[in-house]
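Open the model in your viewer and keep the selection panel at hand. The stops below go one by one.

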Amino acid sequence: ALCRWRHRFKRTLDLRNITRNLSTNYDYDLVVIGGGSGGLACSKEAAQFGKKVAVLDYVEPSPKGTRWGLGGTCVNVGCIPKKLMHQSALLGSAVKDAGKYGWKISSPVTHDWPTMARAVQDHVRSLNWGHRVQLQDKKVTYLNMKGSFVDEHTIRGVTKAGKETVFTAGNIVIATGGRPKYPTHIPGALEHGISSDDIFWLQESPGKTLVVGASYVALECAGFLTGIGLDTAVMVRSIPLRGFDQQMAHLVTDYMESYGTKFFWNSVPKKVEKLQTGGLQVTWAGQDSGHERQDTFDTILWAVGRAPETKALNLESIGVEINKESGKILVAANEATSIPHIYSIGDISEGRPELTPTAIKAGKLLARRLFDKTSELMNYDNVPTTVFTPLEYGCVGLSEEEALVRHGKDNIEVFHAFYKPLEFTVAERDASQCYIKVVCLREGDQRILGLHFTGPNAGEVTQGFALGLQCGATYSQLQETVSIHPTCAEEITKLHISKRSGLDPTVTGC
């Protein structure tokens, strides 16, 4: 019976290929595999040009069994729940400041995880529903199926129950994103650990937590866990915030240490064991000394990187080229893969920023090029971003290290300042790590190459200045800009001390 089914299936595919070659009629003008931010944006944009569009989205449960709805990483287990839990932590800090501002607040002030978790999870579910409604309104077919390639124009969709559907498309966009990695070589890591796929969906407090890794995901999670009053430690193998400006990265971790987060530097975990008490005993070693240490935690959160979701797509059989080392799909400037009508956007593409806004914009532009005869390509230069740690870090453009490599030490000028936010003064908060630097070309009009800011509301500050960099802003134009007083952002417009001068960059006065 199985052989007969395979024979019929092959005959069906052969028939589809013959029919397609004769008429080029497809079931859909566009099929998008992946219902995250980029995939949804691309599908909705294409549909508004009157095209027949389908989106396949299927979430494999995490190793711990966590599931979620339509919307991808950002909505369900990334940007949205992260920012809301970060906000919860900021409110805790504000409560501590409130006494200095005259508020009478009875002690002790405590945080209730289940209340926060329910509110965040309810909001996420509302977004899941909203995405489904939008697809329906735009007449995009939503298929809760796991998609894979049969051939260059044919997709097989499989439901949770195992039911298969085969359909064809003139153009196919891969937007399946990535999932957290687990260090499976470490005994007990998979059995006893969780990841960012799970932390936002926990019904009960994670308690005393060890975060392994020093990516922005690791530091953001450790930051809000500390902020809501949990005993939190971060284990760092090498450097924090790899790929970011390292001076700024260390200001972020310095602040976190003063904020109460513990750091185990230059350390690697060896094993995780579950004790009879239910606690998780972690053994780790210093990379320099090799000396082993142990401690017990309630939760181990692995944040050691992400892996692209390419393995189940059957890409190699149809000739889509991937980077063997990273597993990501190789793409051209127009997001095309090695197969011209198959495209890839977002985290799954080699060399692209793993950021929601870039995936959304790339998806929209791709749909316009395919169906509206435009030619605009996504510009991946000067993409702003923010790390939502207790002291937020926003940046746009080149890091100081990148500028040095590209232009040389003698050809760049770095203007910088340590400043104290007005909000920190009455509250008597330490502002030692509140810092700004602008990296410029040294000659001519001193075009700005990069801007870096640690302080309150870093994302809001950086977003505005990102427009300036996109328009080729110069240091002289920055000096000519009238500031808004009193704000943290105004300190950027007042930068006048260069690193080269050796003068004290601490801002004095108002």
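**Stop 1: charges over rings**

Select Lys 208 and Phe 297. Lys 208 lies over the face of Phe 297, at 5.0 Å from the ring centre. Bear in mind that this is a predicted model. Now select Lys 52 and Tyr 28. Here Lys 52 sits over the face of Tyr 28, and the distance to the ring centre is 5.2 Å.

**Stop 2: an aromatic pair**

The structure holds nine aromatic pairs. One of them is Phe 418 with Tyr 435, so select both rings: the pair is tilted, with 4.5 Å centre to centre and 40° between the planes. Colour the strands next. Phe 418 belongs to strand E20 (residues 412-418) and Tyr 435 to strand E21 (residues 435-441), so the pair ties together parts that are 17 residues apart in sequence.

Phe 418 counts as partly exposed, because its relative accessibility is 26%.

**Stop 3: helix H4 against H5**

Show helix H4 (residues 79-98) and helix H5 (residues 113-137). H4 and H5 pack at an angle of about 150°, and their axes are 10 Å apart. The crossing of H4 and H5 is right-handed. From H4, select Ile 80, Pro 81, Leu 84, Met 85 and Ser 88. By class, the contact of H4 with H5 has nine nonpolar and two polar residues, and no charged ones.

**Stop 4: helix H4 against H8**

Keep H4 and bring in helix H8 (residues 216-227). The axes of H4 and H8 come within 8 Å and cross at roughly 35°. This crossing of H4 and H8 is left-handed. On the H4 side, select Lys 82, Met 85, His 86 and Ala 89. On the H8 side, pick Glu 220, Phe 224 and Gly 227. Sorted by class, the contact of H4 with H8 has three nonpolar, two polar and two charged residues.

**Stop 5: a loop residue**

Go to Ala 489. Ala 489 lies in the loop between helix H15 (475-480) and helix H16 (490-493). What does Ala 489 touch, not counting residues up to four places away in sequence? The partners are Val 461 and Phe 465. At 22% relative accessibility, Ala 489 counts as partly exposed. Finish with a distance: the C-alpha atoms of Ala 489 and Glu 325 are separated by 41 Å. Along the chain, Ala 489 and Glu 325 are 164 residues apart.

Definitions and conventions: Residues are numbered from 1 along each chain as its sequence is written. This is a predicted model: local features need pLDDT of at least 70, side-chain atom pairs count only at pLDDT 80 or more; totals for chains, interfaces and linings use all residues. Side-chain values use heavy atoms; hydrogens and water are left out. Rings of Phe, Tyr and Trp (its six-membered ring) pair if their centres lie within 6.5 Å; planes under 30 degrees apart count as stacked, over 60 as edge-to-face and the rest as tilted. Helices (H or I, at least four residues) and strands (E, at least two) are DSSP runs, numbered from the N terminus. Buried means under 20% relative accessible area, exposed over 50%, partly exposed in between (1.4 Å probe, protein chains only). A charge sits over a ring if NZ of Lys or CZ of Arg is within 6 Å of the ring centre and within 35 degrees of the ring normal. Axes are lines fitted to C-alpha atoms, for helices over the stretch in contact, and angles run from 0 to 180 degrees between N-to-C directions. A crossing is left-handed if the near helix is turned anticlockwise from the far one by less than a right angle, and right-handed if clockwise. Contact means heavy atoms within 4.5 Å. Ala, Val, Leu, Ile, Met, Phe, Trp, Tyr, Cys and Pro count as nonpolar, Asp, Glu, Lys and Arg as charged, and the others, Gly among them, as polar.
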